[in-house]
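Thank you for making time this morning. Please bring the model up on your screens, and I will then walk through it part by part.

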Amino acid sequence: MAEIQIKNVAKAFGSYTALHDINLTIADQEFMVLLGASGCGKTTLLRIVAGLETATTGEVWIGGRRVDHLPPKDRGIAMVFQNYAVFPHLTVFENIGFGLRMKKLPEAEVKRRVERTATLMHIEQLLGRYSGELSGGQRQRVAVARALAMEPDVILMDEPLSNLDALLRLEMRAELKGVLAESKTTAIYVTHDQVEAMSLADRISVMHQGRIVQADKPVAIYRNPAAEFVAGFIGNPPMNFLPADPRGDGKWMVAGQVIDGPTHSGALKFAIRPEDVKLGDHGLPATVRLVEPLGAHLLVTCDVGGTLFRAVLDSDLSLKLGDTLTLTPQGDRQRWFDPATTLAVA
Amino acid sequence: MSPRYLPYILILPVTLFLCAFFLYPFLLVARQAFLSDGGYSLQNFRETMGYWKFSISLQNTMLLALAVVPVQVSLALLMATMVSRMKKGRDLVLYIWTIPLGISDLAAGIIWFAIFEQSGFLNSMLTGLGVIDKPAVLLGYQNPLLVFIAIALAEIWRATAIMLVILVAGIGLIPKEYYEAAEVFGASPWQRFLRITLPLLRPSLQTALILRVVLAFEVFAVVVALGGTLFPVMMGQIYSYQFDLQNAGGAAALALVVLAISIAFTLVILRALRVPKGATI
Amino acid sequence: MTPVTTAAPRAATKAPARRVYAASVLLLSVWVLGPIYLLFVNTLSSPEAVNSFPKSFIPQFDLGSLAFFAKFDGMLAALGNSVIVAAMTMVMSIAIGAPAGYALSRFEFRGKELFRLLILLTRAFPLPLLALPLAVLFIRTGLDDTTFGLALVHTTLAIPFAVLITFSLFSGIPIELEEAAWTLGCTRLTAFTKVVLPLILPGITASAIFAFVISWNEVFAAAVLTIENRTLTAFLLQKLGDAPIHLKFAGGFILVTPALIFIFAVRKYLFAMWGIANR
């Protein structure tokens, strides 16, 4: 059992506040991804859980034990670093066995575990090599094997795939998911790559300016963004926003069209994903400004009532600049945000 | 142990050591310089600076620095740029050129003495070539200019290496892309040196110059080995105040003068070669 | 547009330039090595040959001068003192300087800039002058005319270099390696001994050798602080006036030879050490 609880954690570097009052519970064996742009505080939060950084205030609990005053070695964690941090003066075997030997496990057990995790990561051929003789992908595998060999309660990963090239990243992503599901450890994984987050996570915490904006299952984050920031950050291309004026009784004027929406006083923003509009007879009037063929679809940038609006449309369409279209939003995929609070309105 | 105190614990030994053997003796020198006949006065300064040898040794030290340092800067710059373009044999050439780094000023003085002494190699060569028919006294009071040249040569020979090392390290920090960009824009090798290497090398030049100028005022053993008493310099004066004249106050006063000159030149160099904030590599 | 046609005339115009370049490299190498060679010629010739005229430019390979040097009263003791002082300087400057270098490279702390300034200040300071008051101080504490007393002064000379060089060496080791060790069961201390130290040892050796050379070569403080227990440099300086010249040359030879070996040993680190130390 290794549930992680982060209670009221805040971190200030001098006058700069990196984290504001973070509260997050990660269930036993859950795969939690911290997602956000650089500088949002996700790595700082991970390092506070690891014990590499001290929180200014707040508590960290792992497996029912308060750990925020313990050094990293006593927290029952293992970590995979962005630059792998494979020790250059040790062989792959010695790297993977490093933590086990620090624990003073019997040599036979060290050998058994090193060989098991090396096989798991497909690097059993490389055990005698030094880090300088390995490719980036192989170093990555050593770093993961080294963490897994510890059989930790919690595994922490800081952008572990970001230094790999695109194809290798795809391959390692799938492999990581399989290996970690099997190892039954709780995992926190930091990334700025939303596709990586979507594919790996049981739950995603979207972070922005030192706060967790939304923590939920990947599909829920995608479908029901709780805030305008999440809606604009998740999805590629991101969600479209159009100003909406109240016409009373749950009716809203959007780009000259009346649309059904929530009952709310004051103006709102109407939001829809580019892939959730279709060409139709009635809906938003749009003028084509840019057409980008993406193979499977066409990405069409239009002008809707003076606002730029992106639509993902069928690649068979032949569109010219200046064409006028009518875009029909799919009813159940519409979202509404309050510009005053930037939060979603049900 | 709290990580907050750890850095202070780590720097404590150096700080204590420097306080005991750098700051404290410095205060003692300063005190002694102003102390004479049981009271504080400028007596020591008046006495030492009024002595006829003071102005000569100050002048000699300055002249030597003036002759040596510019040659060293140009030579080190030349060597550093030559090395930076070298592909084959770079390590060997660098090793050879940095050998004098490990040679003391005393040894350098002895080495050049072997060349300039009366039965030395220069005389041997000159008679061998028939320029002169019997060995001449080169390092004597008859030839003050030659003594000066011998000392300057020995200094240039010995102490260019430290500048070379600093400048080579500095050039190594300049990204190659800047040169490629300049070449694309049509800069000649000379222009690249003038417009890219020199300005970006300013921090290294600063360090090298400060180190060299300060050391140039400390010149001592080379002079003793080559000129003896023919070419008095500041450090030699301090030495003889301390030992021959047993006048510690006088030695301390002169030490402060050397220190003041060193600091003044350091400040001038820092100012002249300052790098604007944000304009670093 | 073919590279062959454009490259050919270019290479042709560059050939003389390349010859000038090679010649200058050779000339500068001769300028450095020539004087050392002449010292070797003198050292490896008999005392008679050294004092005769004209000089041969080829050594006789006679060990007479060196034998005379070895038998000269007090010379071997001075050589021994030089080695002892330099060894003590080496150990002390690294033991005291390296922790500070580590602190500078790994921590942000209040007063860091002030500390760096103190270190840089000592570098831009005619340090041998400090031997003067220390001579008085040492008499009071019984450290006068001891190798340890002189080693203390030489350590002051070597410490700024030790701090700046180890600072640059430690900065070359990514902090992530240490952090990885912490997460794998290491304390700060074991992470240092198991990860940082093995990686840094060659560089530490190089900077220790550098400290050795600084002490080995120092003349002024050695001459001021020692009277009976002279180091080689102080002894030679004292004898410059009246010693036979073959003794001077043999002494110079003994001074220079270790330096040649040391510079060879640290040559790889020389430039890396100065790269960061400049900033």
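Predicted model: local features only at pLDDT ≥ 70, side-chain atom pairs only at ≥ 80, totals over all residues.

How many helices and how many strands are there in chain A? There are 8 helices and 20 strands in chain A, where helices (H or I, at least four residues) and strands (E, at least two) are DSSP runs, numbered from the N terminus. Residues are numbered from 1 along each chain as its sequence is written, and chains are lettered from A and ligands numbered from 1 in the order in which they are written.

Let me begin with chain A as a whole. Its C-alpha atoms fill a box of roughly 75 × 45 × 35 Å, taken along the principal axes. Of its 346 residues, 41% count as buried, a residue being buried if 20 or more other C-beta atoms, placed from the backbone, lie within 10 Å of its own.

Strand β15 (residues 277-293) of chain A is joined to β18(A) by 7 bridges, and the two run antiparallel. In this pairing, A:Val277 stands opposite A:Pro329 in β18(A).

Turning to the contact between chains A and C, we find 19 residues from chain A and 14 residues from chain C, with two residues in contact if their C-beta atoms, placed from the backbone, lie within 7 Å. On the chain A side, β6 (77-80) and α2 (92-102) each supply at least two residues.

Finally, chain B is divided into domain 1 (1-41) and domain 2 (57-272), with bounds that come from an automatic or database domain assignment. The C-alpha centres of these two domains of chain B lie 31 Å apart, and their contact takes 6 residues from domain 1 and 6 residues from domain 2. On the side of domain 1 that touches domain 2, α1(B) gives the most, with 4 residues.

Notes:
Pairing = 2+ DSSP bridges. Buried ≥ 20, exposed ≤ 12 C-beta atoms within 10 Å, placed from the backbone.
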